[in-house]
Amino acid sequence: MGLGEFKVHATAGNARRATLMTAHGPVQTPVFMAVGTKATVKAMTPEELKDCGTQVVLGNTYHLHLRPGEKTIAKMGGLHKFMNWHGPILTDSGGFQVFSLSQLRNMSEEGVEFRSHLDGAKHFISPEKSMEIQMDLGSDIIMAFDECLQYPATEEEIDKSMALTYRWLLRSKAAMTRKESLLFGIVQGGLSLKHRLKSMEQICSVELPGYALGGFSVGEPIHLMHELLPHVAPKMPANKPRYLMGVGTPTDLIIAIDSGIDMFDCVMPTRVARNGTIFTWQGKVSIKRSEYREDSSPLDPECDCYTCTNYSKAYLRHLFLSGEILGSRLNTIHNIHFYMKLMELARKAIEEGRWEAFRDDCLTRFVKKER
């Protein structure tokens with residue numbers, strides 16, 4: 001397979017099993033990508049990520065631009081070498097972080113002027129600057145610069161934002177000259193099907209190696225996303241990877257795969273692990289609960305990760321209540337392993353013609369215990 005080639009091997013309804021070729025090797029989809037915001041997936045080493053089945057790690061343009069700076073990382077040999085990760089890396093454009101973290105944003109046609117959430121220093125990111133940063137990082141997959149709207153938004157605000165995101169995509173593509181990187185465009189449109197389809201028509205009219213759905217997980221009721229996906233995802237180009245950004249729980253992933261989504265990322269499994277929440281095949285577990293005080297069983301009897309193989313719920317509860325770093329590490333190892341195993345089994349189920357049964361079994365296991 002050549003760079004950027006996307007080959008679909010099997011389908012089950014809208015669900016797809018495919019391979020995407022990047023400069024750092026093939027990515028088997030459906031895939032969940034571990035979020036390494038600041039060039040590290042919190043609490044885990046790159047070797048542990050690989051052992052858990054991680055294929056792709058994310059870096060964050062906004063955060064890495066602020067600290068240590070893309071020029072520093074470039075001098076260190078690029079993000080792969082800097083963080084000792086030898087697989088594919090995707091970097092987002094910084095648009096969501098400018099929306100969610102920065103202070104005193106000033107939007108214009110040219111780009112976004114903002115103050116850093118770290119020290120209040122003034123910065124400016126345009127589509128061209130976002131591409132420059134990501135190319136300096138040496139990313140395998142680069143995301144176009146877009147505007148992420150808050151929820152709720154008026155029709156006028158959505159129309160204006162969609163048009164700006166499209167114009168910024170054209171500028172991003174013109175500025176993206178690194179041949180080893182794949183540029184993905186981002187479909188916006190809020191929570192309106194009409195606007196989503198219009199934005200998709202605009203964004204997908206630009207020939208690119210892949211396309212993403214952005215603007216979800218911005219405070220909207222989750223059922224709205226679930227209702228939209230089956231009407232939006234299947235209409236995205238069938239010969240290109242479809243990426244749902246910033247989502248989500250195991251239930252979200254299964255529903256999205258069933259709608260035709262190929263790629264995911266989310267801080268969910270690592271963030272909640274540090275807060276004592278564990279995803280298992282029996283549903284969600286809060287390890288701080290008193291019922292686990294003398295429980296000698298593993299987190300998940302159906303899991304073969306390092307944590308479940310070696311430690312009891314009682315010990316993990318003790319670590320969490322004691323504020324021990326090891327607790328965060330062991331919980332995170334399990335959650336990442338669980339997400340990667342979920343994707344592996346989803347791929348296998350699609351290949352073997354068992355997707356519907358696998359989907360229904362997962363939803364039965366997860367839905368009642370996630371919310």
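Predicted model: local features only at pLDDT ≥ 70, side-chain atom pairs only at ≥ 80, totals over all residues.
Residues are numbered from 1 along each chain as its sequence is written, and side-chain values use heavy atoms, with hydrogens and water left out.

**Stop 1: around the annotated pair**

Zoom in on D92, which sits in strand β6 (residues 89-92). Helices (H or I, at least four residues) and strands (E, at least two) are DSSP runs, numbered from the N terminus. Is D92 buried or exposed? Its relative accessibility is 14%, so D92 counts as buried; the cut-offs are under 20% relative accessible area for buried, over 50% for exposed and partly exposed in between, using a 1.4 Å probe and protein chains only. Now show what D92 touches: leaving aside residues up to four places away in sequence, the list is G59, N60, T61, Q97, Q134, M143 and M245. Contact here means heavy atoms within 4.5 Å.

Move over to D265, in strand β14 (residues 263-265). D265 is buried as well, with a relative accessible area of 9%. Again not counting residues up to four places away in sequence, D265 touches F32, M33, V35, L58, Y243, L244, M245, G246, V247 and G248. Click on M245 while you are here: M245 is on the contact list of D92 and on that of D265.

**Stop 2: the cavities**

Rolling a probe the size of a water molecule over the atoms shows where empty space is left. On a 1 Å grid over the protein atoms alone, a cavity is a set of points where a 1.4 Å probe fits but cannot get out; a pocket is an open set with protein on both sides within 12 Å along at least five of seven lines; and lining residues have an atom within 4 Å of a point. Grid points are joined across faces, edges and corners, and a volume is the space filled by probe spheres set on the points.

How many cavities of 30 Å³ or more turn up in the whole structure? The search finds two. For the largest, with a volume of about 50 Å³, select G95, R105, D146, E147 and C148, which lie nearest its centre among the 10 lining residues. Then colour α5 (95-100) and β7 (103-107), each of which supplies at least two residues of that lining. The largest share, three residues, comes from α5. By type, the lining of the largest cavity has six nonpolar, one polar and three charged residues. Ala, Val, Leu, Ile, Met, Phe, Trp, Tyr, Cys and Pro count as nonpolar, Asp, Glu, Lys and Arg as charged, and the others, Gly among them, as polar.

Next, select V31, F32, G53, Q55, M340, M343 and R347, the lining of the second largest cavity. The elements giving two or more residues to this lining are β4 (31-35) and α14. The biggest contribution, three residues, is from α14. This second largest cavity has a volume of about 30 Å³.

**Stop 3**

E351 lies in helix α14 (residues 325-351) and R17 in strand β2 (residues 15-22), so the pair ties together parts that are 334 residues apart in sequence. A salt bridge is a side-chain nitrogen of Lys or Arg within 4 Å of a carboxyl oxygen of Asp or Glu, and the count by this rule is 22. R17 is buried at 9% relative accessibility, whereas E351 is partly exposed at 44%.

Now pick K198 and D159, a salt bridge whose closest N and O atoms are 4.0 Å apart. K198 is in helix α8 (residues 193-204) and D159 in helix α7 (residues 155-175), 39 residues apart.

To finish, select E70, K71, K129, E132 and D136 together: salt bridges link them in a network.
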